[in-house]
Amino acid sequence: MKIGILTSGGDCPGLNAVIRGAVLKGIKVHGQEFVGFRDGWRGVVEGDVMELPRQSVRGISKQGGTILGTSRTNPFEGSGGPEVIKDNLKRLGIDAIIAIGGEGTLAAAKRLTDAGLKIVGVPKTVDNDLDATDYTFGFDTAVQIATEAIDRLRTTGESHHRTMIAEVMGRHVGWIALHAGMASGAHAILIPEQKVSMDQVTEWVNEAHDRGRAPLVVVAEGFVPEGQETPHSERGLDTFGRPRLGGIAEQLAPELEARTGIETRATVLGHIQRGGVPSAFDRVLATRLGMAAIDSVVDKRWGTMVSLNGTDIVHVGFDAALGNLKVVPQSRYDEAAILFG
Ligand code: F6P
């Protein structure tokens, strides 16, 4: 049996560990063959593949990025569609696809499975916003990177008696902000799920300052400040028509400085959070998910993805992952907010 693997959407640390886990288990246990589609669905639509023999995955679980490349290609647009893809798979002798991606990827995979293609999924999102899995790989690494960066902002903030605002990723949900903010002892955490007034942020910052601390605010890129309907975006749309986010920290800094009288600096961490080596947790999770995806193929569980439930890897339908975002529950925000100010 020959399996094609693709990585699609925004990258995150751990993608290579998934590929290695799948390829090693498939070859060692089932004698399967593997190819990788280059740059996500683009490679599937154009039939652009690379061989994935055992030596091609040697040592890659600690490597950031994806050896296959990725893109935000929609397989139904342009020259794509199920019939083109079926023809490509037939020509290349590929029997099944393992699609590693987030909501957009899994939605496309569902449509293609409904059209008769044999696809299983592996969930991927650095934002940790997919509802059908407890954690996604890449999230732990992103939190670690953000925490280290925020710790550094803290020391320079203290030297200069400034307020520091750190902006982290989190388009729809604030998991990275919540965890990195809690880990670094932030005086305020602002996330997309919570409406927080500038009066409240000002109060938290002033409280911290009055105790002689350099106030630290952690904000998710998708936070919507009062008086705004949508998150801060000034860089147009991505290929899926979603606004490119980033810059809310820069927007908040002058307003907070004016309100508090404390010199305020903003830092946008951006794609640094998605780069570099995955944490040990993410390597293990990603490897297990890749291996479990092979079980899904062997058991012909088309239209399902592997997922983390507690400490177990389970199989759930694509439907479970689509539609519902895993938002930060009110109780988790309230718990963190006890420490604000
Ligand atoms: O969806 C994950 C994510 O990292 C978001 O947090 C962010 O808004 C987006 O991807 C950035 O996408 P791109 O890599 O296309 O700039």
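How are α1 and α9 oriented to each other? In this predicted model, local features need pLDDT of at least 70 and side-chain atom pairs count only at pLDDT 80 or more, whereas totals for chains, interfaces and linings use all residues. Residues are numbered from 1 along each chain as its sequence is written, and side-chain values use heavy atoms, with hydrogens and water left out.

Helix α1 (residues 15-30) and helix α9 (residues 280-298) have axes that come within 7 Å and cross at roughly 45°, the axes being lines fitted to C-alpha atoms, for helices over the stretch in contact, with angles running from 0 to 180 degrees between N-to-C directions. The two helices, α1 and α9, are therefore oblique to each other; angles under 35 degrees count as roughly parallel, over 145 as roughly antiparallel, 65 to 115 as roughly perpendicular and the rest as oblique. The crossing in which α1 passes α9 is right-handed, a crossing being right-handed if the near helix is turned clockwise from the far one by less than a right angle and left-handed if anticlockwise. Helices (H or I, at least four residues) and strands (E, at least two) are DSSP runs, numbered from the N terminus.

For helix α5 (residues 139-160) and helix α6 (residues 175-183), the packing angle is about 45° and the axes lie 9 Å apart, so that α5 and α6 are oblique to each other, and α5 passes α6 in a right-handed crossing. Between helix α7 (residues 198-210) and helix α8 (residues 248-260), the axes come within 10 Å and cross at roughly 65°, which makes α7 roughly perpendicular to α8; the crossing of this pair is right-handed.

The largest pocket holds about 840 Å³ of space. On a 1 Å grid over the protein atoms alone, a pocket is an open set of points where a 1.4 Å probe fits, with protein on both sides within 12 Å along at least five of seven lines, and lining residues have an atom within 4 Å of a point; the volume is the space filled by probe spheres set on the points, which are joined across faces, edges and corners. Of the 37 residues that line the largest pocket, Arg-72, Asp-127, Arg-171, Arg-242 and Arg-274 lie nearest its centre. The elements giving two or more residues to this lining are α4 (103-114) and β6 (163-168), and α4 supplies the largest share, three residues.
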